[in-house]
Amino acid sequence: MKPASTLPEVIRLRDARGGRPENAAGIGEFWYEPEVWTLPLSPASRVLYAGLCSFLGHREINRQDLRNTLKGHPDGEIARALEELVSHYLLVPDARGYEVRSVGGFG
């Protein structure tokens with residue numbers, strides 16, 4: 001599933017990060033790895049990754065929540081941030097949505 005400049009209404013998410021690390025940021029099943037802030041990614045991609053991780057407990061994120069995660073960014077920029085995460089293997093697209101991977105697999 002390749003992002004387009006028009007974002008889908010709902011993106012399905014699957015958690016492939018493994019167990020919650022001790023230094024995880026967030027509450028309960030809504031967490032992300034703070035190491036994302038040190039990766040050589042665009043600021044938008046870092047924020048989007050953290051936002052996607054916070055929605056993994058819901059197993060989906062809708063278009064409005066994507067827009068709210070990157071408030072003030074047009075859909076094309078959000079799509080480019082998704083593409084950047086895919087290109088570094090933090091998101092792996094499949095027929096139904098995205099598998100979200102640990103920052104330890106950054107490539």
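Q: What makes the radius of gyration of this chain agree with that of a compact globule?
A: Start with the length. For 107 residues, a compact globule would come out near 13 Å, and the chain has 12 Å, so the two agree. Keep in mind that this is a predicted model. Taken along the principal axes, the C-alpha atoms fill a box of roughly 35 × 25 × 25 Å.

Q: What is the chain built from, and in which order do the elements run?
A: It has 3 helices and 6 strands. Reading from the N terminus, you get β-β-β-α-β-α-α-β-β.

Q: Why is His88 called buried?
A: The cut-off for buried is under 20% relative accessible area. His88 has 19% relative accessibility, so it counts as buried. You'll find His88 in the loop between helix 3 (75-87) and strand 5 (91-93). Setting aside neighbours within four places in sequence, His88 is in contact with Leu41, Gly105, Phe106 and Gly107.

Q: Why is Pro34 called partly exposed?
A: Partly exposed covers what lies between the buried limit of 20% and the exposed limit of 50%. Pro34 has 25% relative accessibility, so partly exposed is the label. Pro34 sits in the loop between strand 3 (30-32) and helix 1.

Q: Which residues does Pro34 contact, leaving aside neighbours within four places in sequence?
A: Those are Asn23, Ala24 and Ala25. Take Ala24: Pro34 and Ala24 are 10 residues apart in sequence, and their C-alpha atoms are 6.4 Å apart in space.

Q: How do you know that Arg46 has no salt bridge?
A: A salt bridge needs a side-chain nitrogen of Lys or Arg within 4 Å of a carboxyl oxygen of Asp or Glu. For Arg46, the nearest side chain of opposite charge is Glu84, and that is 7.6 Å away. By that cut-off there is no salt bridge, although Arg46 is buried.

Q: What does the side chain of Arg46 reach, then?
A: The backbone oxygen of Leu41, at 2.8 Å. Arg46 itself lies in helix 1 (residues 43-54). Not counting residues up to four places away in sequence, Arg46 touches Val36, Trp37, Leu39 and Leu41. Leu41 also turns up among the contacts of His88.

Conventions. Residues numbered from 1 in each chain as written. Predicted model: local features only at pLDDT ≥ 70, side-chain atom pairs only at ≥ 80, totals over all residues. Heavy atoms only, no water. Helix = DSSP H or I, 4+ residues; strand = E, 2+ residues; numbered from the N terminus. Buried < 20%, exposed > 50% of the residue type's maximum accessible area, 1.4 Å probe, protein only. Contact = heavy atoms within 4.5 Å. Lys, Arg positive; Asp, Glu negative; His and termini not counted. Polar contact = N/O pair within 3.5 Å; in protein donor to acceptor, adjacent residues only side chain to side chain. Rg over C-alpha atoms; globule rule 2.2 N^0.38 Å.
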